[in-house]
Amino acid sequence: MLFSDPVNGPAETLVADLRDYPEWHRGRKRYGAWVVPITQPDVLDYVAHARDALADLLHPSPLRQPQVTVFVCGFHRPRGRAHDDFPSVLLRRQRALLRRMAHRPAVLPLARPDSFASAAFVPVEDSAGGIARWRALLGSVSNEIRQADYVPHITLGLYRRQADAPTIRQRMAALEMPPPTLTATELHYVTYKASDQRGPLRTQHRWPLQDTGTAEA
């Protein structure tokens, strides 16, 4: 549910409790996902300015690099035991599929900032279907770990205090519009420390988006 929906949207924000969640990770160290890293200067500047404008509402997250999550894989493990583990064999299969396919850079339109109950974000539109194709490819060999419908976006931050829906709508409307587009030039498989929700992303594999298949780094 989005605050931009005046009928079905949340009534207020959900405050994020930033702590270790041992009942979730159960000793597993790192969590993995495929993302589009954001390196475009005007988009990075916009994200920084928007976070500053919402600083009284959001938890600071100085170490987490801006990105668009494409596919949530699960706990990065040599072998899978639990349903939310992501064993190395599945990662190898995903990389093999990427290696055989040609993937062009994608131009992704950006929309006015919006918000889930838990987080403010910049919506990313997939009008040309590039993200959908990447998700279908990656999902052909692995089930995605997801608790809600997929919405492509750039997270601005998790909420640190409660605010009602009219306040959030007013604050979102007061923000400037983002740059018109984000150009996706690479896919990265990244992991982060499972005990730190705001920790930095570690790039494990990167895949250039070019007109023909290329070797990965």
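This is a predicted model: local features need pLDDT of at least 70, side-chain atom pairs count only at pLDDT 80 or more; totals for chains, interfaces and linings use all residues.
Residues are numbered from 1 along each chain as its sequence is written, and side-chain values use heavy atoms, with hydrogens and water left out.

A word on terms: on a 1 Å grid over the protein atoms alone, a pocket is an open set of points where a 1.4 Å probe fits, with protein on both sides within 12 Å along at least five of seven lines, and lining residues have an atom within 4 Å of a point. A volume is the space filled by probe spheres set on the points, which are joined across faces, edges and corners.

Returning to the largest pocket, the elements that give two or more residues to its lining are β1 (30-37), β2 (67-77), β7 and β9 (186-193), where strands are DSSP runs of E with at least two residues, helices are runs of H or I with at least four, and both are numbered from the N terminus. The largest share of that lining, five residues, comes from β7. By class, the lining has 26 nonpolar, 12 polar and eight charged residues, with Ala, Val, Leu, Ile, Met, Phe, Trp, Tyr, Cys and Pro counted as nonpolar, Asp, Glu, Lys and Arg as charged, and the others, Gly among them, as polar.

The second largest pocket holds about 280 Å³, and of its 16 lining residues the closest to the centre are H103, R104, G130, R133 and W134. Here the largest share, five residues, comes from α4, and the lining divides into 10 nonpolar, three polar and three charged residues.

Let me turn to the aromatic rings. Rings of Phe, Tyr and Trp (its six-membered ring) pair if their centres lie within 6.5 Å, and planes under 30 degrees apart count as stacked, over 60 as edge-to-face and the rest as tilted; by this rule the count comes to seven aromatic pairs. The rings of Y31 and Y192 have centres 5.8 Å apart and planes at 55°, so this pair is tilted, and it links strand β1 with strand β9, the two residues being 161 residues apart. Y31 is buried at 9% relative accessible area, where buried means under 20%, exposed over 50% and partly exposed in between, with a 1.4 Å probe and protein chains only. Y192 also counts as buried, at 18%. Ring pairs link W24, Y31, F75 and Y192 into a cluster.

Finally, which residues does S142 touch, not counting those up to four places away in sequence? They are F71, F86, L90 and Q94, contact meaning heavy atoms within 4.5 Å. S142 sits in the loop between α4 (130-139) and β7 (153-158) and, at 8% relative accessibility, counts as buried. The side chain of Q94 reaches the backbone oxygen of L138 at 3.2 Å.

How values were computed. A polar contact is a pair of N or O atoms within 3.5 Å; within protein, one must be able to donate a hydrogen and the other to accept it, and residues adjacent in sequence count only if both atoms are side-chain atoms.
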